Amino acid sequence: MVPYIIRRLLIAIPVLFGVTIVNFIIINMAPGNPVDMYVDPNTSQELLNLRKEQLGLNDPLWVQFFHWLGNLVQGNLGYSFSTYEPVSKVILERIGPTFQLTFLALIIGLIIALPIGIISAVKQYSKLDYLATGTSFFGISIPHFFLGLGLIYIFAVQLQWLPAGGMSTLGSEDDFFDKIKHLILPVMVLAVGIAGQYVRYVRASLLEVLGQDYLRTARAKGLKEIVITNKHALKNALIPIITIIGLEIPFLLGGAVITEQVFQWPGMGQLTIQSIMSRDYPTLMALNLLTAFMVLFANLFTDILYSFVDPRIKYK
Amino acid sequence: MRIGKVKFLTIFSIALLLFLSACSGTNETSSSSKDKGKGNTAASLGDTIVVGVSNAIGTLNPINARDLGAMTLSSILFDPFFELNENMEFQFKLAESFETKDNQAFTIKLNSKANWTDGKPVTTEDVKFTFDTLANPAVQSVGLKTLNIIEGLDDNGQLPKGEKTVKGIEIVDEKTFIIHTKKPTDPNYIKGNLINIRTIPSHILKDKDPAKLHQDPFMLKPTVTDGAYTLVNFKGETQVEYKANPDYYRGAPKTEKLFFKVVPQANMTAQLQTGEIHLNYPSTGAIAIQDVEKVKNMANVEAVDGKGYDYQEIYMNTKTFTDPKMRQAIAYAINRPQIVDKLLKGKAEIIDGPYTKLHPYFDKDIKNYEYDPEKAKKLIEESGWDKSKPIRVNVPIGNQVREQSAVIIAENLKAVGLNVQIQKFDFPTHMQKGAKHDFDLMFLGIPYQVDPDVSAFYGTGGPYNFAGYSNPELDELLNKGKLEPNPENRRVIYNKVQEILHEDVPTISLYSDYLMGAVSKKVKVGLPKQFGMFYNVQDWVVQK
């Protein structure tokens, strides 16, 4: 097991390196640059050039890349071009809100999806099943921005029960309940999509297991149906779900770009959009690196987890 | 055990529902108590004012604030010498007097009571340090730019190699200093360019590494300031929190807390109605035109009309449209009255040139190009323009009204037989294409320029001369205008400039839209204004 993990980690290094090179090239190929954002009518070309020089933007691309890489190796992600704060600080500030939002949504989505998925599989082709699969289809296909704006209209504008956006009310940043109130709508939007997806995964996966021979044996032994589904079938049916959750984690951390925009949630998704708009290269590079890292890490993590849940799998 | 889980789920969802209803309950009670307070006592004052803006605020760095929101918010922390009011008059802030005898030496006295929040007085040492820092090429700052007329600066407003201090800034005593210019200059030119100079504390910053100053914690979150409010919390993308500076030299603020809240334009009206925002800052958070009627109908909010300061214009690439007749044709072909009446609901004025009607140098005698498609067609024929040639119209995304007006204008141009293609870009791309003159027509919003000098827009090689326009006669006039100290002589020069531009049309202005404001009726002092809004921020009062 341990040699396997080490091997996987070593393979990750060249992959990450390749990803950063590709990212760097693409980001720099985009027209415009951070200094173009400075332009006001009275700034002369010479002054702009000087600023470019100071930011190192006049160097050849490969020099810029290795400069960035050199800093990275020393643990320095550089400074944001738009706020001048250290990039690590900017990202750390954003990762918390995103984490709160997306993990809560994932948990609530699963809480909704698991029972519905199970019922729908056990009572296949019943009215309940059609209702569940139909609703889940709605959950998957409704666009986040539409659902978000709809919820804002109903709960924030018409009923005025919940705030329309943001993370907290001005002046009550530490109020726990205030935070929860702000979380409800965006979490709801994300959870609906997640639940819709997982109802279908759980249903399909459980159906496959339910038809297997060992369950027929269990039934022959005279076990109750509820014990058969919950104890014998569900455990095996959940294995593929773990993979899907594992693969989802990096995207959860990347931030729910659209939901964060709609609800002005100061998370990673919003940061990404802002950095693109202002051509904030160091922040963009760090965000990309983080996502790439999370993908690799989550893959490894799921693989390891698998070997614990499924004794048939062994890594050498 | 399984059943236990189901039970837990049920309890959980019931708890959630209860909690939801509990939330709504608290909200109702709090809003009704607010209403009561309003009816009963006028004396009970609130301790918080919330200003709504729509754009994220970049950085409060007093020497490197670049977006309009950041400049304004930084000027609340660091007082500039002057501030403009809504009639474009200069009002003293950190400065107490401004005098000159020969238009070449300008004596400025600082407010005698002005002090930093750490108790030290604001002195001319600080002023000199500020100029030296701004002119230092190693420091990342917005620079002195058009103040390059000060003695001892090069054309870019920077110190020549080897120089450490700006020669033209002379300290007389602790509170008096003199600005020496290379040549006699219009005093209003100096004042107009001083409004964005914010004095920084030299006793805090003088030993810092100039090359790293922009990353210094002080510049990210200033702690020693001299303005009416001090900074508590800065989150540029969501909110900025200020606290009253009790020792402010122009009087302690009457309201303890001041917030700036970043809200998308679409949510601004709703939050004004619910009382989450007291008033907006029109320059970076105007009320959307389609919401103005709604605001006027709100019982607890008052609408405040804006004025025409900034304007939208179209650059015509002079390399594509070499014949002025063709450029005039485009000006005639655009149906601007329709845009103003229908799209902007009359909340705008039509202008042709670089000055709006409010600008002191606006020439009233020049007649606007009227909407005349027949004349446009005739001029196109005369200029021999190949009508099949595609005309690329570059439009930046972000301003909805502008994007809609581009569609109308494209239709107008098609109606006179031209082949137009709209291309939309995000802002950095748009600006880069502009700088490379990679367009035929280019939309851009132009902020109000205090001084009439427009060489950046029309002078050969000027940073905002995206049209690539070059006219030696105009260049000479612009140079003369910049150096002319007498305002009356300057007017003659700039009238001539406007005549030439009107004839040559390297750009055609579309409209100057009135940025709309709204203010809660609870606010007793404090009004949304594009200019001078925060001059009296220390006097702002809001009812509970």
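I began in chain B and looked up Q312(B): its bridge partner in β18(B) is Y511(B). A reminder to myself before going on: this is a predicted model.

**Around β13 of chain B**

Next I checked how β13(B) and β18(B) are joined. β18 covers residues 507-513 of chain B, and 4 bridges link it to β13(B), with the two strands running antiparallel. Then I turned to β17(B), residues 441-446, which pairs with β13(B) in the antiparallel sense over 6 bridges. One pair I noted there is I314(B) with its bridge partner F443(B) in β17(B).

I also wondered: how many residues of β13(B) are buried? I found 6 of the 6 residues in 311-316 buried, so this strand is largely enclosed by the rest of the structure. Side chains in a regular strand alternate between the two faces of the sheet. Here Y311(B), E313(B) and Y315(B) point one way, while Q312(B), I314(B) and M316(B) point the other way.

**An open sheet in chain B**

I moved on to a sheet of 4 strands, open and antiparallel, with the order β4-β5-β7-β6 in chain B. Which strands stand at its edges? They are β4 (95-100) and β6 (169-173), each with a single partner strand, so one side of each has no neighbour in the sheet. On average, neighbouring strands here are turned by 20 degrees against each other, direction ignored.

For β6(B) I looked up the pairing with β7(B), residues 176-180: 4 bridges, antiparallel. In that pairing, I169(B) stands opposite I179(B). I then followed helix α3 of chain B, residues 124-135, which lies across β5 (105-110), β6 and β7 and runs at about 175 degrees to β6(B).

**Over to chain A**

I picked M188(A), which lies in helix α7, residues 176-210. It has 17 other C-beta atoms within 10 Å and is therefore partly exposed. L151(A) is 37 residues away from M188(A) in sequence, yet their C-alpha atoms are 9.0 Å apart in space.

Is α8(A), residues 213-220, well covered or hardly covered? Hardly covered: among its 8 residues, the count of buried ones is 0. After α8(A) comes G222(A), with a positive phi near 90 degrees.

**Where the chains meet**

Last, I looked at the contact, which takes 42 residues from chain A and 40 residues from chain B. On the chain A side, α2 (45-55), α4 (87-122), α9 (225-254) and α11 (268-277) each supply at least two residues. The largest share, 6 residues, comes from α2(A). By class, I noted 19 nonpolar, 17 polar and 6 charged residues on this side.

Notes
Residues are numbered from 1 along each chain as its sequence is written. Chains are lettered from A and ligands numbered from 1 in the order in which they are written. This is a predicted model: local features need pLDDT of at least 70, side-chain atom pairs count only at pLDDT 80 or more; totals for chains, interfaces and linings use all residues. A residue is buried if 20 or more other C-beta atoms lie within 10 Å of its own, exposed if 12 or fewer, and partly exposed in between; C-beta atoms are placed from the backbone. Two strands pair if DSSP finds at least two bridges between them. Two residues are in contact if their C-beta atoms, placed from the backbone, lie within 7 Å. Ala, Val, Leu, Ile, Met, Phe, Trp, Tyr, Cys and Pro count as nonpolar, Asp, Glu, Lys and Arg as charged, and the others, Gly among them, as polar. Axes are lines fitted to C-alpha atoms, for helices over the stretch in contact, and angles run from 0 to 180 degrees between N-to-C directions.
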